[in-house]
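Subject: Structure handover

Hi,

Here is the structure for you to open. My notes follow below it.

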Amino acid sequence: MTTVTDVAPATNAKHRSEVATSLPPARGQSFLKLVTIELRKSVNTRSGRVLIAAILLVALAALTWQATHLPSRGAGFDGFLGAASTGVMLLLPVIGVMAMTSEWTQRTALTTFTLSPRRVRVQLAKFVSAVVLSVVVMTGVVAVALATTALTGALTDRTMSYADLGGQLLGAYLTVALNVVMGAAFGAVIPQTAVALLAFFIAPTAWSLAGPALFKDNANWLDVFGALGRIAERDLHGMVPETLTAVGVWIVLPTVVGLWASSRREVK
């Protein structure tokens, strides 16, 4: 004779099986969704918002100084763009560094990589979101620079030059994007925010100062600042191998090493 206690487990098991089969299959997050999430994480924090605000304030201060110290031989948009880009080049890579290190310093890696187990895909989304953010911030800075250039010309009755506007913007966007990627790469290699920031700011600067004294002209092969400057000017000055080598050593290599290290780093 079958008892109630015998029937209940079988009924519960059958019910769970029916519920499991009725649920839709779980789908992984699309890469665009990951990029959106990482972009939101970069701007929704207090530090991210403060950095973006600081970039805009530095740009306004630099543009004000540029407008009140016009050169006697004539002025152009290139001078205003160069002044406004200073804060972007200095501060925006910090957001890239923090985007890569936050998972480890804030101990959210376990949650992130549980929801998205493919770590390299998540890290690539962080790189892409950093580049997207750099383009958005740079667009705001360019808009302010254009407005300041036009306003200065109207108030001072001086003719402002906009020669090679497209080339100037292309060089500026490309340089800023490469600089942000380099910051993110350092953050991927070194999971501690403070250490990664120190390495990002000190290592290339130390080489640009000590390299020429030790290796003369051969130091150009690893001078990433010189390489980025030539890219910004859209003129490699016959130094294509040196430029590509510097970009490869300081940007491409840390990116590859950072992706590899992040995929093998222990999650705690």
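Is W104 buried or exposed? The model is a predicted one, so please read what follows with that in mind. W104 is buried: its relative accessible area is 13%, and anything under 20% counts as buried.

**Around W104**

This tryptophan sits in helix α4. Leaving out residues up to four places away in sequence, W104 touches A109, F113, R119, P191, S262, R265, E266 and V267. W104 and T193 are 89 residues apart in sequence, yet their C-alpha atoms lie 9.0 Å apart in space.

**Helix α10**

One of those contacts of W104 is S262, a buried residue of α10. Helix α10 covers residues 240-264, 25 residues in total. From its first C-alpha to its last it reaches 35 Å, close to the 36 Å expected. There is a bend in α10 of about 40°, at G248.

Which residues of α10 are buried? They are E242, T243, A246, V247, W250, I251, P254, T255, G258, L259, A261 and S262. An α-helix has 3.6 residues a turn, so residues three or four places apart point the same way. Keep that in mind when you look down the helix. The cover over the buried residues of α10 includes α4 (77-105), α6 (119-156), α7 (165-189), α8 (193-215) and α9 (224-232).

**Helix α7**

Helix α7 has 25 residues and reaches 36 Å from its first C-alpha to its last, close to the 36 Å expected. Of its 25 residues, 18 are buried, so α7 is largely enclosed by the rest of the structure.

**The largest pocket**

How much space lies in the largest pocket? About 350 Å³. Its lining has 16 residues, and G82, A172, A232, E233 and R234 lie nearest the centre. Helices α4, α7 and α9 each supply at least two residues of this lining. The biggest share comes from α4, with 5 residues. By type, the lining of the largest pocket has 8 nonpolar, 5 polar and 3 charged residues.

**The second largest pocket**

The second largest pocket holds about 280 Å³ of space. It is lined by 18 residues, with K41, T45, M98, S102 and Q106 closest to its centre. Two or more lining residues come from each of α2 (31-43), α3 (46-68) and α4. Here too α4 gives the most, with 7 residues. The lining of the second largest pocket divides into 3 nonpolar, 11 polar and 4 charged residues.

**The cavity**

How many cavities of 30 Å³ or more are there? The count is 1. About 30 Å³ of space lies in the largest cavity. L92, I95, G96, A130, L133, S134 and V180 line it. The cavity lining has 5 nonpolar residues, 2 polar and no charged.

**Where to look**

Start with α4. W104 lies in it, and α4 gives the most to the lining of the largest pocket and of the second largest pocket. Then follow α10 through its bend at G248.

Best wishes

Conventions
Residues numbered from 1 in each chain as written. Predicted model: local features only at pLDDT ≥ 70, side-chain atom pairs only at ≥ 80, totals over all residues. Heavy atoms only, no water. Helix = DSSP H or I, 4+ residues; strand = E, 2+ residues; numbered from the N terminus. Expected span 1.5 Å × (residues − 1). Bend = angle between axes of the 7 residues up to and from the residue. Buried < 20%, exposed > 50% of the residue type's maximum accessible area, 1.4 Å probe, protein only. Contact = heavy atoms within 4.5 Å. 1 Å grid on protein atoms, 1.4 Å probe; cavity = no way out; pocket = protein on both sides within 12 Å on 5 of 7 lines; lining within 4 Å. Points joined across faces, edges and corners; volume = space filled by probe spheres on them. Nonpolar A, V, L, I, M, F, W, Y, C, P; charged D, E, K, R; others polar.
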